[in-house]
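The stops below go from one selection to the next.

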Amino acid sequence: MATLAIYPGSFDPLTNGHVDIISRGVRLFDRIVVAILKNAEKSPLFTMEERIEITRSVFRHHPNVEVDTFDGLLVDYVERRKAQVIVRGLRAVSDFEYEFQMALMNQRLNPHIETVFMMPAEQYTYISSRLIREVFALGGRVHGLVPEIVEARLRDKVLASNRA
Ligand code: PNS
């Protein structure tokens, strides 16, 4: 049976850490769905449409990577998709507590779904979407930390706000 894995998150924005985890995931699973949570933040940096477009563009040459959105309980979405696995990235000990709670809650909600943790390459272990948003908002460089398309879209946002 083909293994379908769901990689859920906010992806606001997609970082090179996410890209690394997805790239590792496609080597382990037959297909991986990047599932973007709808309405997670009241005022996200990137709209849902932008996040979908960015992720599709980065993985356009990977037929085994699909981009989708979901709302409600993650385990219900995973069941609807007939997937078997939730993939989460683990960067540091600081991630562990939240991830552990979430994995066990999801296990309780649906014991048939397994959470698989994957470690990104070392150089991505300190990157988070939250830090990228903060560094960008304060005018810092995020080159090499996010895909080029994200960098370009961030530049567009600066130009648009300068024009406004
Ligand atoms: O990018 P994030 O913020 O780390 O992703 C968190 C996400 C989307 C995986 C989590 O918030 C989630 O699964 N939300 C859906 C609602 C849900 O199922 N909550 C119970 C989880 S135990």
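Start by selecting Pro120, which sits in the loop between strand S5 (114-118) and helix H5 (129-137). Helices (H or I, at least four residues) and strands (E, at least two) are DSSP runs, numbered from the N terminus. This is a predicted model, in which local features need pLDDT of at least 70 and side-chain atom pairs count only at pLDDT 80 or more, while totals for chains, interfaces and linings use all residues. Residues are numbered from 1 along each chain as its sequence is written, and side-chain values use heavy atoms, with hydrogens and water left out.

Pro120 counts as buried because its relative accessibility is 10%. Buried means under 20% relative accessible area, exposed over 50%, and partly exposed in between (1.4 Å probe, protein chains only).

**Helix H1**

Now select residues 16-28, which form helix H1. Its 13 residues should span 18 Å at 1.5 Å a residue, and the end C-alpha atoms are 19 Å apart, so the two values agree. The expected span is 1.5 Å times one less than the number of residues. Colour the buried residues of H1: Asn16, Gly17, His18, Val19, Asp20, Ile21, Ile22, Gly25 and Val26.

At the N-terminal end of H1, show the side chain of Thr15, which caps the helix with an oxygen 3.2 Å from the backbone nitrogen of Gly17. A polar contact is a pair of N or O atoms within 3.5 Å; within protein, one must be able to donate a hydrogen and the other to accept it, and residues adjacent in sequence count only if both atoms are side-chain atoms.

**The loop between S1 and H1**

Step back to Pro13, in the loop between S1 and H1. The peptide bond joining Asp12 and Pro13 is cis, with omega about 5 degrees. Phe11 lies in the loop between S1 and H1 too, and its phi is near 50 degrees, a positive value in a residue other than glycine. Is Phe11 buried or exposed? Phe11 counts as buried, because its relative accessibility is 3%.

For another positive phi, go to Lys82, where phi is about 55 degrees although the residue is not a glycine. Lys82 is placed in the loop between helix H3 (74-80) and strand S4 (85-89). Lys82 counts as exposed because its relative accessibility is 68%.

**The ligand**

Select the ligand and display what surrounds it: 13 residues, of which the closest are Gly9, Ser10, Leu74, Arg88 and Met102. A residue is near a molecule if one of its heavy atoms lies within 4 Å of it.

One is 2.9 Å from a polar backbone atom of Ser10. A backbone N or O atom of Leu74 lies 2.8 Å from an oxygen atom of the ligand, and a polar side-chain atom of Arg88 lies 2.8 Å from a ligand oxygen. The elements that give two or more residues to the shell around the ligand are strand S1 (4-9) and helix H4 (93-109). H4 supplies the largest share, four residues.

Finish on Gly9, placed in strand S1. Gly9 counts as buried because its relative accessibility is 15%. Its C-alpha atom is 9.9 Å from that of Leu74, 65 residues apart along the chain.
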